[in-house]
Amino acid sequence: MTITQKTGASSAHPAGEATPPVASPGFPVDENSPQRRKVRSSQWVAWAFLAPVVIYLALFYVVPLYKNIDLSIRDYTVRSFVQGNAPFTGLDNYVKVFNDPTFWPAIFHTGFFVLVSILFQFTIGMALAVFFYNKFRLSGTLRALFLVPWLLPLIVSASTWSWMLNSDSGIVNSVLQAFGIGSINWLTSPGWALISVTIANIWIGIPFNLVILYSGLQNISADLYEAASLDGANAWQKFWRITFPLLRPVSAITILLGLVYTLKVFDIIWIMTKGGPANSSTTLSTWSYQLGFGSTLPRFGPAAAVGNILIIVALIFGLLYILMQRREARR
Amino acid sequence: MTTFATPSRAALTAAGASASKARRPRKTWYITLIGVVLTAVMLFPIYWMINVSLTKTTDMRKSPPNWFPIDPTFSGYQAVVSQQLPYLATSLIVGLGTVIVTLVLSAPAGYALAKLRPRGGGALSFVFLISQMIPGIIMAMGFYAIYLNLGILNSLPGLIIADSTIAVPFGVLLFTAFMSAIPDELMSAAKIDGASSWRTFVSIVLPISRNSIVTVSLFAFLWAWSDFIFASTLDGGGKIQPITLGIYKYIGNNNQEWNSIMATAVVASIPAAVLLIVAQRYVAAGVTAGAVKD
């Protein structure tokens, strides 16, 4: 079983439910009985171990998130940002963001980037997982090498792809020219920039899909394939009749997790195109960064508003993922 | 990048476990050949990064480009040594700092969630699961506002704290999963011997959890090392900056010397390579531990 499922399982059965045997619920225990005191003191010990991380969560998760909401409902300027006395403006920033000419393109680009990335990552990852399921010489080593793109710092991958896709000196255009296709302005033309960053992102995400789907394949009994072989099924039929249906729960989890993490992607797009040219590869996350940090005149309010829209979308898919995972763990 | 680790590690585990019992078909050399070709295609960008890092500046704009580093130059790597060492050192410090913060916070929490049955522990685990899904840009903006008011923008401790938010939820969840597998008999034995919970944690749980400690440390280090968004927002004006900003500024300022840029990228990839080699060994150790337990 995967760790994700393990953690899912452990959170699906909150530790509180598994009450220690000393104080079974419904059994009347005297307020001051030694058992009751023991349970209470063990609760103190447990929370003492948790206290640092809870304080940490409050300070470094809750406060930044609160600050973000605060930024989005006030009219901040650089000056009031420092002094902290910006006037309350309610949902003004959100209205501004909705009416911004960048809003719908950013939504569309985010959707395109996420869906196309997932479609290809998942399909290629599935094909590779099935391929690696055939144990062959070097299969372990090669599978480990497939992880490399995913472990590299994103700045490394993004700058390498930038140079490979360079219009004049990039290797990709050089190959295209050799085949007589002619060169494409991958990163500098509005029609191709979004596709270029999506290609780079697919490359980075394939290992993740490969690895989860491969572990899913390990849980399918080999007997099923053997029985299918005896019945004369070919490889294609085995995939569609056995592998695909049995992998459906794992696939759903992979795709939902992929959605959440692809929505977050910022580095690759920012480093390769800065969301340009002319906002043609701007997504919600690069737009938020652009508004807040990308220019000399920061607009923190709208930036935070865009960020909060992004977080709502991410959390919807995130909750779906957790629901799926728990259903899986309960089986 | 950050949060993908949980499933991968698990998959490596599963993969390792089944590899041992797999029987090998007789004629597989052609499958191996296909596998090698697929891997080569997948890793081509990495080969290209290395190739470009060794290309002379005069050959950089050549068409078609040199496919192999015939007549290589090491001037790119000399540039790394002469210009990028401070950035690399900063990243090293930030990475190690993040590892310490992550371990100190997440190991005790994992122990409590796995073994001490706190009321509300399930809800807390749920919070950690959700917190991994918050986009970095949102955290960065919140941290920026706070750090500006506190006056700790462009400081290393500030960057370490921000980077640790990537790894702490992962660490807690991973420690919880692994420490749940420690037999309860071991804990009760310690208790009968009169050991306190803290004593049990330090002298029994931590030594047993060595593999998960290594895994969490490696990932925390790698994520801090690779972080760009916190570095660029919280340390963009700092005097001491990490290597991701070093590369980023390099790309911005200097569009000609791609051999130096790619040489820096190669050096910045070393921790990832180390992780792949070292973590695999530890994951394998984890598999055998699991096998004994079951």
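UniProt positions are given here in the numbering used for this structure, and such annotations may be inferred rather than shown by experiment. With that caution in mind, the unreviewed UniProt entry lists residues 44–63, 106–132, 144–164, 192–214, 246–272 and 300–323 of chain A under "transmembrane region". The model discussed here is a predicted one.

**Two of the listed spans**

Among the spans that the UniProt record names are residues 106–132 and residues 300–323 of chain A. Residues 106–132 of chain A are 100% helix and 0% strand, and the C-alpha atoms at the two ends of this span lie 38 Å apart. Residues 300–323 of chain A are likewise 100% helix and 0% strand, with end C-alpha atoms that are 34 Å apart.

**A helix with its buried residues on one side**

**Salt bridges**

| Pair | N to O distance |
|---|---|
| A:Arg74 and A:Asp70 | 2.7 Å |
| B:Lys56 and B:Asp71 | 2.8 Å |
| B:Asp184 and B:Lys115 | 3.0 Å |

In chain A, the salt bridge joins A:Arg74 to A:Asp70. A:Arg74 counts as partly exposed because its relative accessibility is 25%, whereas A:Asp70, at 9%, counts as buried, since buried means under 20% relative accessible area.

In chain B, one of the salt bridges is formed by B:Lys56 and B:Asp71. This pair links distant parts of the chain, 15 residues apart, with both B:Lys56 and B:Asp71 in the loop between helix H2 (29–53) and helix H3 (75–116) of chain B. B:Lys56 is partly exposed, with a relative accessible area of 29%, while B:Asp71 has a relative accessibility of 52% and therefore counts as exposed.

The side chains of B:Asp184 and B:Lys115 also meet in a salt bridge. Because B:Asp184 lies in helix H7 (residues 184–192) of chain B and B:Lys115 in helix H3 of chain B, this pair ties together parts that are 69 residues apart in sequence. Is B:Lys115 buried or exposed? At 14% relative accessibility, B:Lys115 counts as buried, whereas B:Asp184, with a relative accessible area of 40%, is partly exposed.

Key:
Residues numbered from 1 in each chain as written. Chains lettered and ligands numbered in written order. Predicted model: local features only at pLDDT ≥ 70, side-chain atom pairs only at ≥ 80, totals over all residues. Heavy atoms only, no water. Salt bridge = Lys/Arg side-chain N within 4 Å of Asp/Glu carboxyl O. Buried < 20%, exposed > 50% of the residue type's maximum accessible area, 1.4 Å probe, protein only. Helix = DSSP H or I, 4+ residues; strand = E, 2+ residues; numbered from the N terminus.
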